[in-house]
Amino acid sequence: MRIRPLTVTATAVALAAVLTPSGPIEGTAAAAPSGLKGDFNGDGYEDLAVGMPKAVVDGRAKAGYVNVIWGGPNGLGTAGSARVSQSTAGVPGTAEAGDLFGTSVSAADLNGDGYSDLAVTAPGEQLKDTGTDHEGTATVVWGSASGFTGGLTAAKGDADGRLGRLLTVGDFDRDGHDDLALSTEGEEGGATLLRRGPFTTGSATDTSLVEGYDFGGARALVTGDFDGDGGDDLAVTYKGMEIAGTHILSKASGEWKRVWSTGDFGNAIASGDFDGDGTADLAIGQVQPNPEADTTFCEDRLGGAIAVVYGKPDTTLGGKVVCTTQSSPYVPGTAEPEDNFGGALAVGDLDRDGFDELVVGVSHEAIGAEADAGSYLWLAAGHDGTMTGVGFNQNSAGVAGTAEAGDLFGAAVATGDYNGDGYPDMAIGAPGENAGSGGVWFDASSEEGTQPPVTSVTPARLGLSGAVEHGGVLAR
């Protein structure tokens with residue numbers, strides 16, 4: 001039995017032994033949509049979208065596709081999956097070499113019908129028949145009771161902007177329609193852009209500027225209500241040649257305003273209420289100081305550090321800052337150079353006690369003599385905000401597989417109630433598994449009891465062809 005710290009507990013969830021083979025794009029039909037975020041077919045179970053931008057489609061290298069693993073009563077890997085690409089009927093565009101469809105994926109009900117829809121980007125897309133520019137596109141694919149039913153091109157990039165390496169969804173302009181926040185990258189700098197909703201057939205694909213970065217770009221985006229006004233705000237962490245930082249941006253007044261800022265930046269960010277006080281907190285993974293600044297949140301950063309900036313009522317992130325590394329007390333592992341601790345982050349209230357836990361990927365951690373085998377852990381905050389937790393790798397008892405060099409276990413992490421028991425579960429990506437074919441691991445969470453095994457969901461189990469680095473991109 002795995003012991004969870006603080007109030008976090010675990011219970012048994014029975015896992016089926018037989019896998020339903022990967023099926024067509026249809027999913028298991030439901031009588032009515034569940035309204036759950038991430039439930040694309042409305043059957044009451046959250047599904048997991050896995051982007052594979054380097055996958056082969058119709059013989060075209062790096063055309064890319066999204067593998068949607070259906071949730072079910074036994075979690076991920078037992079109810080089959082669907083494959084969505086630009087060769088799928090009803091999905092705009094054409095699968096072409098280098099499109100990188102699936103670079104970023106997100107789940108949200110973008111047309112208000114109760115079914116989650118799939119937002120997916122292809123930054124390698126070329127919109128002109130001639131030239132070498134890669135403008136990039138963002139696409140919305142509609143969910144329904146019968147699975148995915150076509151979609152629309154939501155946004156198009158300009159020049160060689162490579163729109164869409166990053167994506168997050170939220171109603172940033174408070175008009176009742178979700179919007180897409182997207183990154184773009186050019187030779188002389190990048191930007192964060194907004195594609196306003198609603199998303200309807202024939203709607204404009206125009207974007208507007210949120211903020212730009214000279215000779216650099218955004219590294220991560222996340223949505224959260226950081227000022228407690230009930231609306232969505234945008235968190236951005238970025239790095240340029242001479243600029244760096246992390247911002248909270250609000251469009252509540254009609255114009256974008258920075259309502260909180262620090263010179264520290266990271267490679268991953270996540271929002272959750274870790275101390276249970278009802279305000280949103282911000283976790284910055286792989287945090288680094290602005291080279292032009294005199295101060296930083298985390299002086300000790302060996303192997304990677306996570307800065308959790310706590311919220312405070314009636315303000316934006318006005319609480320304390322707590323740093324966590326693998327040298328911190330009651331944090332598994334040993335801090336070593338290049339571990340990539342905090343390189344991937346996800347959030348979920350795993351035991352439903354009102355305190356969110358932080359799921360952390362450590363993709364380059366050595367397990368014994370196996371370099372870059374990887375691990376994951378989850379952290380829970382004590383009353384003083386200090387994070388402690390437990391960790392696992394493929395050599396841990398009850399975890400499928402064997403830790404091998406280059407697996408990159410923990411390169412991406414996600415949470416969702418994939419088995420429908422009311423408790424968020426964890427999904428852990430290992431894009432280096434099986435010589436780069438990759439895979440996803442399903443870790444079920446529930447109330448109490450013997451911890452069920454952590455099972456693997458690989459392309460071979462799902463019957464996928466052309467898979468490359470499965471598990472490297474997970475919708476959160």
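This note goes through strands, a disulfide, aromatic pairs and charge-over-ring contacts in a predicted model.

1. Basis. Because the model is predicted, local features need pLDDT of at least 70 and side-chain atom pairs count only at pLDDT 80 or more, while totals for chains, interfaces and linings use all residues. Residues are numbered from 1 along each chain as its sequence is written, and side-chain values use heavy atoms, with hydrogens and water left out.

2. An open sheet is formed by four strands in the order 12-13-14-15, with antiparallel pairing. Strands here are DSSP runs of E, at least two residues long, numbered from the N terminus, as are helices (H or I, at least four residues); two strands pair if DSSP finds at least two bridges between them. Strand 12 (217–224) and strand 15 (257–262) are the edge strands, and each has a single partner, so one side of each is left without a neighbour in the sheet. From one strand to the next the twist averages 25°; axes are lines fitted to C-alpha atoms (for helices over the stretch in contact), and angles run from 0 to 180 degrees between N-to-C directions.

3. Strands 12 and 13. Strand 12 and strand 13 (residues 233–239) run antiparallel and are joined by seven bridges. Across this pairing, Leu221 is opposite Val236 of strand 13.

4. Strand 5. Six of the six residues of strand 5 (residues 117–122) are buried, where buried means under 20% relative accessible area, exposed over 50% and partly exposed in between (1.4 Å probe, protein chains only). In a regular strand the side chains alternate between the two faces of the sheet. Asp117, Ala119 and Thr121 on one side of strand 5 are all buried, and so are Leu118, Val120 and Ala122 on the other, leaving both faces covered.

5. Partners of strand 5. Strand 4 (residues 105–108) runs antiparallel to strand 5 and is joined to it by four bridges; Ser106 has Ala119 of strand 5 as its bridge partner. Strand 6 (residues 137–144) is also antiparallel to strand 5, with five bridges between the two. Here Val120 has Thr139 of strand 6 as its bridge partner.

6. Sheet with strand 28. Another open sheet has four strands in the order 3-2-1-28, again with antiparallel pairing. Its edges are strand 3 (81–84) and strand 28 (473–474), each with a single partner strand, so one side of each is left without a neighbour in the sheet. Within this sheet, five bridges pair strand 1 (residues 48–52) with strand 2 (residues 65–69) in the antiparallel sense, and Gly51 stands opposite Val66 in strand 2.

7. Disulfide. One disulfide is found in a search of the whole structure, taking a disulfide as a pair of cysteine sulfur atoms within 2.5 Å. The cysteines are Cys298 and Cys323, with their sulfur atoms 2.0 Å apart. The torsion about the S-S bond is about -90°, so this disulfide is left-handed. Distant parts of the chain are linked by the pair: Cys298 is in the loop between strand 17 (281–285) and strand 18 (306–309), and Cys323 is in strand 19 (residues 321–324), 25 residues apart. Cys298 is buried at a relative accessible area of 1%, whereas Cys323 is partly exposed at 29%.

8. Aromatic pairs. The count of aromatic pairs is eight; rings of Phe, Tyr and Trp (its six-membered ring) pair if their centres lie within 6.5 Å, with planes under 30 degrees apart counted as stacked, over 60 as edge-to-face and the rest as tilted. Among them are Phe172 and Trp256, whose ring centres are 6.0 Å apart with planes at 50°, so the pair is tilted. Phe172, in the loop between strand 8 (167–170) and strand 9 (179–186), and Trp256, in the loop between strand 14 (244–250) and strand 15, are 84 residues apart. Both residues of this pair, Phe172 and Trp256, are buried.

9. Phe409 and Trp441. This aromatic pair is edge-to-face, at 5.4 Å centre to centre and 80° between the planes. Phe409 lies in the loop between strand 23 (387–392) and strand 24 (412–416) and Trp441 in strand 26 (residues 440–443), so the pair ties together parts that are 32 residues apart in sequence. Phe409 is buried at 0% relative accessibility, and Trp441 is buried at 1% relative accessible area. Ring pairs join Phe409 and Trp441 with Tyr376 and Phe392 in a cluster.

10. Charges over rings. A charge sits over a ring if NZ of Lys or CZ of Arg is within 6 Å of the ring centre and within 35 degrees of the ring normal. The charged end of Arg83 is over the ring of Tyr65, 4.0 Å from the ring centre. Arg352 lies over the face of Tyr423, 4.2 Å from the ring centre.
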